[in-house]
Amino acid sequence: MLKENRDTTSNGLETFDVKLALTTSLTTRPVASGYALFEQLSSHFFNEMRDSKSVGREACQRIEQWLSLHTLDELKQLNQAAKQHFLYEGITFTVYGEDEGIERTIPYDLIPRVIARKEWNTLSLGCAQRVKALNLFLHDVYHQQDILKSGIIPELQVLTHEAYLPQMCKHNLKGKIYSQISGIDIIRDRQGEFYVLEDNLRTPSGVSYMLESRKISQKLMPDLCQQNNIMGIEQYPQLLREILVENAYVDNPFIVVLTPGRFNSAYYEHAFLAREMDVPLVTSRDLYVENDKVYVKTIKGRQRVDVIYRRVDDAFLDPLCFKPDSTLGVAGLMSAYMQHNVVIANAPGTGVADDKSIYPYVDKMIHFYLGEKAILKNVPTYQCREKHDLDYVLSNMEQLVVKEAQGSGGYGMLIGPQASAQEVNSFRDKVAASPNLYIAQPTLELSVSPTLSESNISERHIDLRPFVLSSPYCTEIVPGGLTRVAMQAGSLVVNSSQGGGIKDTWVVDDLRS
């Protein structure tokens, strides 16, 4: 069942210790200068702060008023203070493929995205429903394969999928939970309708950005945070630990976070979660397997490991089972896993359920396994492996978003309306040569949120990634998520690897919502 989240209110922390030149009295400054910047916002896109009938109106009005009391330069200084905080805390990421290999701080925008609690309740129920069905799908395809036998999902599409692991067949997991930590990417269209854009079940990232964004809000805008009934998210690390405990086969399990190492783009998050859960952060060098049991080396001797929250991809987990040249995994780990001597979260083989070519069937999974109608809609999707869909995509590519089924991070995709004729033709050749590797979707007009730009407060496109925690006994979703924002004008790509940034997400209990 879906546990009721604690109704904690975010309290203002100590004021951020930065020297800001905010010397003008806020009570005497003419508010028109700052407010005029905000008044310029008008477009045909759905504006999250102004167009939603159920958004927390009181919170939005307070945010607008707060913005009107600050000049553009002052707001920029606050954003710069956030950047300095990220640098100080080591909150960085690396873009793979860059020659210089320089770590970057993720762009942060101080204007929060607001969601009313009533609206959030629908989103959280929809995400929980979706993850429950996906876990049941994973159990089914590794056991009876009823959904394949029924013809609802093509058998070859699953069994020949590169993320499908035959090693997992007939392996039973506690409570049939394969994805303990899931990230569901949600967008809103021009009419304000919510859609699920993507499911992330392998090693979903970004939760540390969600938590740090809230800390920044509380430090930069303490009074504004105190004035609004913002539901708390700070309990996430403790909930994550509880979920991992509930998935273990033993009482009082010893938990570790397995990282590829400090050169991984998400290393900060690995270290952050290990620290917040008060568990060791380990690499493959710290672990070894003996008699099908996993141990970690400590200064006090070896310690038996019961749960591994892994941030290492399947192919690198065990050189004896997968890539033999992997130095990121642990030899014999899968053997220990198959003997139920250790829990790996998320389970190996979950990737077959979050592939973009499987995504179109999730609505049918929900009906097949739960007997329910999907609460959250899918974006209409064309499967290029199907001839009829392929013909349409090849003929209309300049109007569509075309993605690699196995792609992530905003790579391997074409946004037709924003691409040149040469880019479209080049991508058309790729799809025609290997149609089974691609899917396509209509170019949705993603909703926008007020965002601080170089010259004013502008509209920028956003999405939302709530994090779903699953155990055999409950589902937990903290009231909020990672709001990603396309910092470039007109861009629809919100991924940090493509220049996207982040915002705090305020779920507010507003009496008028």
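This is a predicted model: local features need pLDDT of at least 70, side-chain atom pairs count only at pLDDT 80 or more; totals for chains, interfaces and linings use all residues.
Local features need pLDDT of at least 70, side-chain atom pairs count only at pLDDT 80 or more, and totals for chains, interfaces and linings use all residues. Residues are numbered from 1 along each chain as its sequence is written, and side-chain values use heavy atoms, without hydrogens and water.

Reader: How are helices H3 and H7 oriented to each other?
Author: Helices (H or I, at least four residues) and strands (E, at least two) are DSSP runs numbered from the N terminus. The axes of H3 (residues 72–89) and H7 (residues 207–220) come within 11 Å and cross at roughly 130°; axes are lines fitted to C-alpha atoms, for helices over the stretch in contact, and angles run from 0 to 180 degrees between N-to-C directions. Angles under 35 degrees count as roughly parallel, over 145 as roughly antiparallel, 65 to 115 as roughly perpendicular and the rest as oblique. H3 and H7 are therefore oblique.

Reader: Which residues of H7 make the contact with H3?
Author: Contact means heavy atoms within 4.5 Å. H3 contributes Leu-78, Ala-81, Ala-82, His-85 and Phe-86. From H7 come Glu-212, Ile-216, Lys-219 and Leu-220.

Reader: Which strands are the edges of the open sheet of 3 strands?
Author: The strand order is S8-S9-S10, with antiparallel pairing; two strands pair if DSSP finds at least two bridges between them. Each edge strand pairs on one side only, and these are S8 (287–290) and S10 (301–304).

Reader: Which residue in S9 stands opposite Leu-287?
Author: S8 and S9 (residues 293–298) pair in the antiparallel sense over 4 bridges. Opposite Leu-287 stands Val-296.
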